[in-house]
Amino acid sequence: MEAPAIGAPRPDSWMRVTPLGLYCEPGDFFIDPVRAVDHAVVSHGHADHARPGHDALLATPETLAIMRSRFGAENAGRRPRPLPYGESVTRNGVTVTLRPAGHVLGSAQVVLDWRGSRVVVSGDYKRAADPTCAPFEPVRCDVFVTEATFALPVFHHPPAEHEIARLLKSLTVFPDRAHVVGAYALGKSQRIIKLLRQAGYEKPIFLHGALWNLCALYEELGIALGPLEPVPKGLKRGHPPILAGEIVLAPPSAEATPWARRMADPVTCAASGWMTVRQRARLRGVELPLIVSDHADWGELLATCAEVEAPEVWVTHGRDDALVHALGLRGVRGRALHLVGRDEDDEAAELPVAEEAAATEPAA
Ligand SMILES: [Zn+2]
Ligand SMILES: [Zn+2]
């Protein structure tokens, strides 16, 4: 890589960790702040990164659309500014460029350049192909800021196509059972649907109400998902079980609840990187664990840190100890930031309890 410019400022002299998140001092803006601020750059639409109520807000057009859909236009930045991938804006001498992160639709790495020093804040990212979003683009930098959700050697995510094939196989083995797949509303659901379509599954896929708006938005933004149907509501008590032999997508909170038990002998599936851990699958009552993750696994984290050639890597959250240690062995200086407010599960904070309760009320 280009050597840092002579006299370039040390990254930790202009990028600071604050209780609200990472703060760029000369630019006077936060990246993914946990509360509403005057100037925010948001990497992607997940709840632990995108918060309502910012004043000036910079994000990709897709992320802004996702935030509008979730928070309403009035709460998705009073002064939103869409910044497509590869374009730059400069604020107080700091140039901000967004590059694809490969995590969910619109997800971006935030590339910051100031006086010859470059910091890349990757947000959440993965390297595996995802038919619903642009692939991760490595950017050489002086400091690479990474998450470490799956930063242990035990985490090796298999190809998602392989996991989808297991789901389709189960449908042929159990044609009289509904297959209820727990998947997050933003990104994971649409990826599962798209992968099913690519595997040749053309039947309608049934959606829990909490997934509907974001699937519709993905369609609007050009990601075709094929025929989708709402799960029927308001069934009378004693109604025969529904959706035998069908695939149903639901948020992870709903997959093993009375809502799901209205269905024909449901096979509870869950699509998550955590399904590598059998104990977690058992605790959640998951019969068919599908290892599909929108985060980098151990190998991807190390390969990415090597590719961006940063002499220093800052780790936001997750298994920072393991990653910092492994980077040290490779001659890279690692630093744990211990950012607050990041979830190990995307969107763990916003489970749609209300909908679930409504769906399980005994019908008159
Ligand atoms: Zn995320
Ligand atoms: Zn996150």
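**Figure 1. V42 in the loop between β4 and β5.** V42 sits in the loop that joins β4 (39–41) to β5 (56–59); strands (E, at least two residues) and helices (H or I, at least four) are DSSP runs numbered from the N terminus. The model is predicted: local features need pLDDT of at least 70 and side-chain atom pairs count only at pLDDT 80 or more, while totals for chains, interfaces and linings use all residues. Residues are numbered from 1 along each chain as its sequence is written, and chains are lettered from A and ligands numbered from 1 in the order in which they are written. V42 is buried because 30 other C-beta atoms lie within 10 Å. By definition, a residue is buried with 20 or more other C-beta atoms within 10 Å of its own, exposed with 12 or fewer, and partly exposed in between, C-beta atoms being placed from the backbone. Leaving aside neighbours within four places in sequence, V42 is in contact with D32, H49, A50, L57, A59 and T63; contact requires the C-beta atoms of two residues, placed from the backbone, to lie within 7 Å. L64 is 22 residues from V42 in sequence and 8.9 Å away in space, C-alpha to C-alpha.

**Figure 2. Helices α1 and α4.** Two packed helices are described by the angle between their axes and the distance between the axes. Helix α1 covers residues 61–71 and helix α4 residues 212–220; their axes come within 10 Å and cross at roughly 150°. This makes α1 roughly antiparallel to α4. The axes are lines fitted to C-alpha atoms, for helices over the stretch in contact, with angles from 0 to 180 degrees between N-to-C directions. Angles under 35 degrees count as roughly parallel, over 145 as roughly antiparallel, 65 to 115 as roughly perpendicular and the rest as oblique. The crossing of α1 and α4 is right-handed, the term for a near helix turned clockwise from the far one by less than a right angle, with anticlockwise being left-handed. On the α1 side the contact is made by A65, I66 and S69, and on the α4 side by N213, L214 and L217. By class, this contact has 4 nonpolar, 2 polar and no charged residues. Here Ala, Val, Leu, Ile, Met, Phe, Trp, Tyr, Cys and Pro count as nonpolar, Asp, Glu, Lys and Arg as charged, and the others, Gly among them, as polar.

**Figure 3. Helix α3 and its surroundings.** Helix α3 (residues 188–198) is mostly covered, with 9 of its 11 residues buried. The buried residues are K188, S189, Q190, R191, I192, I193, K194, L195 and L196. They pack against the helices α2 (160–173) and α4 and the strands β12 (179–182), β13 (205–207), β15 (247–250) and β16 (267–271). Just after α3, G200 has a positive phi of about 95°.

Figure 4. A183 lies in the loop between β12 and α3. A183 counts as buried because it has 25 C-beta neighbours inside 10 Å. Not counting residues up to four places away in sequence, A183 touches K188, S189, I192, L249 and A271. P252 is placed in the loop between β15 and α5 (258–261). With 22 C-beta neighbours inside 10 Å, P252 is buried. Apart from neighbours within four places in sequence, P252 is in contact with G182, Y184 and A270. P252 and A185 are 67 residues apart in sequence, and 9.1 Å separates their C-alpha atoms.

Figure 5. Most residues other than glycine have a negative phi. D28 has a positive phi, near 55°, and is found in the loop between β2 (21–24) and β3 (29–31). R115 has a positive phi near 50° and is found in the loop between β9 (108–114) and β10 (117–121). D28 is partly exposed, with 13 other C-beta atoms within 10 Å. R115 is also partly exposed, with 13 other C-beta atoms within 10 Å.

**Figure 6. The contact of domain 1 with domain 2.** The domain assignment gives domain 1 (11–154 + 294–336) and domain 2 (160–292); the bounds come from an automatic or database domain assignment. The contact takes 17 residues from domain 1 and 17 residues from domain 2. The side of domain 1 that touches domain 2 has 8 nonpolar, 6 polar and 3 charged residues. The centres of the two domains, taken over C-alpha atoms, are 30 Å apart.
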